[in-house]
Amino acid sequence: MLPDLDPLLHNQLRLSIMSLLIGVEKADFNFLLEKTGASRGNLSIQIKKLKESNYISVEKSFVNNYPKTECFVTKAGIKAFEGYVAGISTYLKPKS
């Protein structure tokens, strides 16, 4: 039987955000905006959902009077991402 996939990570944009954050220590909003090609509003909503699930943490600050949002993947986020990757792998290479 194939495993259930984490519905939070099964969304393309949220999975993109997590994939990007797994590869870096931290990323700011504009980096994620550029790499994902998402709209600002959609990216904000998906970051909020990941934060509410404790998959990422978000720090907001001001640099030269401009707001700066930085995102970090949490230990729970790493565990969820690794579980998702393991789960989706079984869909791609099912055991006979």
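Ile 47 touches Ile 17, Phe 29, Leu 32, Ile 56, Val 58 and Cys 71, residues up to four places away in sequence not being counted. Contact here means heavy atoms within 4.5 Å. The model is predicted: local features need pLDDT of at least 70, side-chain atom pairs count only at pLDDT 80 or more, and totals for chains, interfaces and linings use all residues. Residues are numbered from 1 along each chain as its sequence is written, and side-chain values use heavy atoms, with hydrogens and water left out.

The protein chain has four helices and three strands. Their order along the sequence is α-β-α-α-β-β-α. Helices (H or I, at least four residues) and strands (E, at least two) are DSSP runs, numbered from the N terminus. The C-alpha trace spans about 60 × 25 × 20 Å along its principal axes. Of the 96 residues, 32% are buried. Buried means under 20% relative accessible area, exposed over 50%, and partly exposed in between (1.4 Å probe, protein chains only).

Ile 47 is also among the residues with the most contacts inside the largest nonpolar core, as are Ile 17, Met 18, Leu 43, Leu 50 and Ile 56. This core has 23 residues. Two or more residues each come from α1 (12-23), α2 (29-36), α3 (40-52), β2 (56-63), β3 (66-73) and α4 (75-92). The most come from α1, which gives four. A nonpolar core is a set of buried Ala, Val, Leu, Ile, Met, Phe, Trp, Tyr and Cys residues joined through side-chain atoms within 4.5 Å.

In α4, Gly 77, Ala 80, Phe 81, Tyr 84 and Gly 87 are buried. They lie on the same side of α4, because they cover an arc of only 130° around the axis. The arc is that of the directions from the helix axis to the C-beta atoms. Their cover includes α1 and β3. Lys 75, Lys 79 and Glu 82, on the other side of α4, are exposed.

The structure holds two salt bridges. A salt bridge is a side-chain nitrogen of Lys or Arg within 4 Å of a carboxyl oxygen of Asp or Glu. Glu 70 pairs with Lys 26, their closest N and O atoms being 3.7 Å apart. Glu 70 lies in strand β3 and Lys 26 in the loop between α1 and β1 (27-28), so the pair ties together parts 44 residues apart in sequence. Glu 70 also forms a salt bridge with Lys 68 (3.8 Å, N to O). Glu 70 counts as buried, at 15% relative accessibility. Lys 26 is partly exposed at 41%, and Lys 68 is partly exposed at 29%.
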